[in-house]
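Thanks for coming, everyone. Let me put today's structure on the screen, and then we will walk through it.

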Amino acid sequence: MKFTFSRSNLGVFIFALMLGVVINGRAQSESGQPWVLWYAAPASLTNWTAALPIGNGRLGAMVFGGVERERIQLNEDTLWSGGPYDPVNTNALPALPEVRRLIFAGQYAGAQKLAGQTMLGNPPRQMAYETVGDLFLSFPTNGPVTDYRRELDLDTAIARTTYTSGGVKYTREMFSSAVDQVIVVRLTADTPGKISFTAGMATPQDATVKTDGDVLIMNGTNGSGNGVKGALKFQARVSVLAKGGKVSAAPDSLSVSNADSVTLLIAVATSYKNYHDVSGKPEAIVKKQIRAATRKSFDVLRSAHVADYQELFHRVDLNLGESDSMKLPTGERIKHFDDDNDPQLAALYFQFARYLLISSSRPGSQPANLQGLWNESMNPPWNSKFTININTEMNYWPAGVGNLAECEEPLAAMVQDLAKTGAQTARVMYGARGWVAHHNTDLWRATAPIDGPQYGIWPTGGAWLCNTLWDNYEFTGNSNSLKQIYPLMKGAAQFFLDTLVEEPTHHWLVTSPSLSPENKHPQGASITDGPTMDEEILRDLFTNCISAAEILGVDKKFRGQLADASARLAPLQIGKAGQLQEWLEDWDMEAPDIHHRHVSHLYGLFPSDQIDFYNTPELADAAKKSLEIRGDESTGWATAWRVNLWARLHNGSHAYKILSFLISPQRTYPDLFDAHPPFQIDGNFGGASGIAEMLLQSQGGEIEFLPALPPEWPDGSVTGFRARGDFEVSFEWKGGVLTSATIHSLAGNPCLIHYGNIVRTMEIRKGETLHFNGNLQ
Ligand code: FUC
């Protein structure tokens, strides 16, 4: 059996496909639609980033597509190590004045040392997201395999494997249903009685596997982490429904012989109810889910899943141009994206991110973590946590423009929790009102600093999350959501009203102690006061809070306090190299790592709009200088951030150049997962956001078409992007020039529309749709 795909047979392969595929005007992949990832060979069972992800927000799997042995690696998004814990450190508050004094005295290393001794959480690390384990299906060998193909169909959210063996064509379909909360695996063959396999389970968890009739059951408890005892129970339950043939049970495996077709229903649940309650009953939950799904036919399960998924996925369409390259297997396309002849791969990358968001973040689920929903390990990189000094926020960058506002609900729900746990951290560790979260959090909503003072002493994570929720509100204008998020924003702002201090030189109000995420300054430490990013995040937070309170007609006095504090924040400063300063002092050029992956000070350019190409050209130039100094190529998410930043600078060619690096084998695995490396999902989401920023921007009360269109995408179209102010926007361009646009207003907000040199005020009523030509007439 040989599945390799070499460059030498590429030409023959393309030719064969061109003969075999009927093209209806628009080039299509073999399955007849453009949104497919496909491969001519199974993923090796140990090459996890070649397998394909499915998920319903909560319950996920990686599908390997093996012929003799299928591996279905399972995840449930509440299976983390540890149990409810509060890492608050009572030593922090007494030490805080001295830490601040040392910072103001320029004794940064001493301040960092003292903060490390007194301000880290207890324990100084958080818990890890863990795998459930694997379901293995072992098939008898039936001779040589031909016509092998595995694919992930983004249009239906179904992973499919097909091949022919012993004269029989076999098909496997798998999906994770948000409607029925089970993973459904369907095995069929074109000849009756040909399906035989053994199903077993394996896991690194403390768990046992048994059978009960036609059901395979894994019962387990989660791992402990950093001294926090595992407090979760979980059950994975696999029901085998065979048509024809026979199912027989061994103590820990089930064998199917000579069936016509088989449906497997997989349910997984843990005892997690919320961050302080682990009294759930996993067995009762999964039994109920399996029972309900068993009453439905496969076709009913499948069509409910597809309808539910497509309601979200079909809102947006994107055409960046097409070429014969799109008929190649996806892994091959990644190797050749920078040949500039595969614009559709960028569109596929964009839609894959929307697929990932729909599959890893749905109302009621946990937010997308560092690996979204998918993780094969008990000890994944960075624990696969919620890192909130960029990564979690980046996960949600495409939610607004990608018309998936609902997928942000889990983030808002997590911030609701953090506002409670973070209130304890604010009170005990800082003596402050409101709430605070530092650079990471986990399933248990821990909010204290972790990992080391050079990473963890950064109090602005919760504030940035609040700004992310506000941005989502700007896209949807949903007043119910505003009522829910305003108290969170208010609490975050209150913390800073109580903890900002006046720095001695300019008397600006600054955070202290803090740091510019993970970047060391030239004074031998990271810790400092008033890093640019903090001042930018707080300027947004205070401004957003004032706007929210005005809309809701509340808290007039508080609004005044915020306005006063906002006016006293440190301004953005331009340093001696013409760069935007990362710190209060002009230290950038002397910093030990001037190519550092984080570009925290450029938060003001993206995701914020404090630095704007049109309104603040000097600051935009300084941001550009900072980007040039930092360099283009970095880790996955850091590369993706740079795409967005160059798009905000209206430089489509440069944004495209960086995108070409992101969508290359150095930063993209065969299954299109982002390589940090190792795998981290934020680059997928940040990259998608960057692609959208090149085509449409809607910050600052105007909708701008094609602000950073690269020459590589001369013709194309967008349907269903969302713009801030609650608009749905569709448009087309030819020869690099806008030819038409359609704007549908969902709220009747006023807006400017902008293309090239044309800026117009748009009068539009709620529910109205306006059509424009390329001159916005
Ligand atoms: C931040 C980044 C790292 C990594 C980690 C999860 O600490 O600096 O690159 O992404 O989060």
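Let's start at N258. N258 is partly exposed, because its relative accessibility is 47%. Buried here means under 20% relative accessible area, exposed means over 50%, and partly exposed is in between, with a 1.4 Å probe and protein chains only. One caution before going on. This is a predicted model: local features need pLDDT of at least 70, side-chain atom pairs count only at pLDDT 80 or more, and totals for chains, interfaces and linings use all residues. Residues are numbered from 1 along each chain as its sequence is written, and side-chain values use heavy atoms, with hydrogens and water left out.

Back to N258. It sits in strand β15, residues 253-259. Helices (H or I, at least four residues) and strands (E, at least two) are DSSP runs, numbered from the N terminus. N383 lies in the loop between α7 and β18 (386-387). N383 counts as buried, because its relative accessibility is 17%.

Now the peptide bonds. Most residues other than glycine have a negative phi, and most peptide bonds are trans. The bond from S512 to P513 is cis, with omega near -5°. P513 is in the loop between β21 (509-510) and α14 (532-552). F606 and P607 are also joined by a cis peptide bond, with omega about 10°. P607 is in the loop between α15 (556-567) and α16 (617-630).

Next, the ligand. Which residues surround the ligand? They are L370, W382, T387, N391, E518, R597, H598, W637, H676 and Q680. Near means that one of a residue's heavy atoms lies within 4 Å of the molecule or strand. By class, this shell has three nonpolar, five polar and two charged residues. Ala, Val, Leu, Ile, Met, Phe, Trp, Tyr, Cys and Pro count as nonpolar, Asp, Glu, Lys and Arg as charged, and the others, Gly among them, as polar.

Look at the ligand's oxygen atoms. An N or O atom in the side chain of E518 is 2.3 Å from a ligand oxygen. For R597, a polar side-chain atom lies 2.8 Å from an oxygen atom of the ligand. For W637, the distance from a side-chain N or O atom to a ligand oxygen is 2.9 Å. How much of the ligand does the protein bury? Taken alone, the ligand exposes 290 Å², and the protein buries 97% of that. Those areas come from the Shrake-Rupley method with a 1.4 Å probe; for residues, only the protein chains shown count as cover.

On to the core. In soluble globular proteins, nonpolar side chains tend to be buried together. A nonpolar core is a set of buried Ala, Val, Leu, Ile, Met, Phe, Trp, Tyr and Cys residues joined through side-chain atoms within 4.5 Å. The largest one here has 229 residues, and W641, L695, F705 and F731 touch the most other members. Helix α7 (residues 343-360) gives the most to this core, with twelve residues. Another core lies apart from it, with 13 residues, among them A269, A293, L301 and V306.

First, T460. It is in the loop between α11 (453-456) and α12 (461-476). T460 counts as buried, because its relative accessibility is 0%. Its side chain makes a polar contact of 2.8 Å with that of D534. A polar contact is a pair of N or O atoms within 3.5 Å; within protein, one must be able to donate a hydrogen and the other to accept it, and residues adjacent in sequence count only if both atoms are side-chain atoms.

Second, Y755, in strand β27 (residues 751-755). Y755 is buried, with a relative accessible area of 15%. Its side chain reaches the backbone nitrogen of L738 at 3.1 Å. Y755 and L738 are 17 residues apart in sequence, and 8.0 Å apart in space, C-alpha to C-alpha.

Last, S177, in the loop between β8 (168-176) and β9 (183-189). S177 is buried, at 1% relative accessible area. A polar atom of its side chain lies 2.9 Å from the backbone nitrogen of D180.
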